[in-house]
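Trainee: Could we go through this structure together, one question at a time?

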Amino acid sequence: MSQNAKFLLIAVGIVLVITANILLYFNLTRNTLEANHQRELRSIESQIELMVEQTRSGTELFEDMIGEKLRAAAIAAQYALPSDVEQVTGEQLQQLREELMLHHLTLLKKTGDDIVLYKSTSPREIGLGTKNWGPWHTAFQELLEKQRVTMDWGQSLPNYWSGPYEVATSDTKDIVKWGYYYSGKTNYIIDPYVDNAAFEQYQRVTGLHAIIENMLKTYPFLVEVAGINPMTFANEKTWITANGELLDPLTHRAVFFGSYNYANVDKDKAYILESIRSKRPVSYIETIQGKRLEKSFIAIQSPTMDVVRAWEENPDPALQGYYVLNLTSDIGLLEGTLNKQFRAVVAVVAAITLISLLLVFILIRRVSRARDKAIQLTSETYTEEFNQMYLDFRGQRHDFLNHVSVIHSLVELGRHRELMDYTHTLVGDIRAINDIIEIGQPEFAAVIQAKTLAASNKKIRFTHDIDIPHKVLPGTKAFDMVRILGNLIDNAFEEAARLPAEERWVTCTGWIEDGGVHFKLANPLSNQVSCDMETDVFRNGYTTKDNHSGLGLWISNKLIQKNRGEIVLESSDEQFIAFVKMPIS
């Protein structure tokens, strides 16, 4: 076999090995990116679920406050108006409406088998019957019988009931909140109501719309978030009011927060039902409106949806009390970013490989022209040069594997911006990152990495040994543990920084034992700690530092108590040690 043929075979072999490594690490990195993306989605789902419940609680409290004000307005109207509805004049109602700052004021009277909106400051309401209003009509009947309204939604107080904000049947352009009061001192129900101006302002400041907008900005791959009502999705109903207007109740709408622009109704309906049936997140990938999207669905049980029963004649008990969170993410954007970075890596490696092959080919051609007496020297030179070439290639392959390993690690840690920077520069040291990668709880890995950089900037020797090979804490507990660990490390750094640079050190050890995650922090002391100080450090505002809030250890202690964990502090003349335990379950 000729030397050129051997060279060609070697070159082809090296190219195949490099190509195989590129493909292998590309697939590994892609799988890691997808797994990390799923973890991010689960984290976002948990955040939104918590925010929805917090917003729901705040909204209920706000509506109850409005309801109590409407009840007070109704009692004031009762004392200001005649007890007989026939003696009440429109001027009296109008004056009360203005004095009580109401949207309108209506009086309801029982006539035969119906309860009619008998007199009102709104002409559109006068004469409307309520016997087809379902639960509202039932509430009016119970009030007239001097009973407490028994429905398990809305606000029920003595002689009073108020439903949620809803589209008005008398004028579907209005969204209002009504209050209904009857004490038996009049022959009519007093119905003051207000518009939703204050409620809209409250929602703009604290509601889900602002939260979702901020989340879409934080996560560029997230293109849409929707809260879906499974009882009405793909089954929305409308009603015609007595005034001939189309009524679309708020509590019956299929999407009650967020947006649903990337619609795929039939498939989405199937996945919505599957998420409720299986009680686990489900998802699918499909191209919609020219974008490659992943649509994820998670069923959340919440009293938020209880009010929907008011508009459903025969609600499906399997769907009742659930809403489904739909997150739509741009998979094409994630894949495009990954492909772009790997194309850059492949281009650089390919260019270096081709230049090296060309140089080796030139050397081989020169060696092959040697004759007679120089053949031995040529052979030796050839062998030496080829060995050096092979070492060069091995070095390049080794460097390439290091670079790709770093890319793989950064993606696994979710550091996409650093990933982009790294692929442009192809420099760095992976030993510290490898230690961090071995930490199975990604939240702990992230805080250790951040504190390692901070320690380097402060000239503190920070060592860590975290033996937590897999994710053990759920999202909320992991979040709390990160805050605790971050505060303790920051305090250790601040204490160590008081010492000369050569005496600055902090150690962090983590392990799993007895059903809990354990951490041990140790640092040198600049001053001796008294027994009282070991207790005082947990007080709100306690600090031994200048211009310092003294909140770190107090917050950490509160978080540990919340999760039923333990913290123990020990000190000697030379060092301070903190032991923390966080139960896994």
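**Contacts and cores**

Mentor: L521 touches L485, L488, I489, V506, T507, C508, F576, I577 and A578, leaving aside residues up to four places away in sequence, where contact means heavy atoms within 4.5 Å. This is a predicted model, in which local features need pLDDT of at least 70 and side-chain atom pairs count only at pLDDT 80 or more, while totals for chains, interfaces and linings use all residues. Residues are numbered from 1 along each chain as its sequence is written, and side-chain values use heavy atoms, with hydrogens and water left out.

Trainee: Which residues have the most contacts inside the largest nonpolar core?

Mentor: A nonpolar core is a set of buried (under 20% relative accessible area, 1.4 Å probe, protein chains only) Ala, Val, Leu, Ile, Met, Phe, Trp, Tyr and Cys residues joined through side-chain atoms within 4.5 Å. The largest one has 39 residues, and those with the most contacts inside it are F519 and L521.

Trainee: Which element gives the largest share of this core?

Mentor: Helices (H or I, at least four residues) and strands (E, at least two) are DSSP runs numbered from the N terminus. Among the elements that each supply at least two residues of this core are α11 (442–457), α12 (475–496) and β18 (516–524). The largest share, nine residues, comes from α12.

Trainee: Which residue in β15 is the bridge partner of Q301?

Mentor: Strands β14 (residues 291–301) and β15 run antiparallel and are joined by nine bridges, where pairing requires that DSSP finds at least two bridges between two strands. In β15, the partner of Q301 is Y322.

Notes: Buried < 20%, exposed > 50% of the residue type's maximum accessible area, 1.4 Å probe, protein only.
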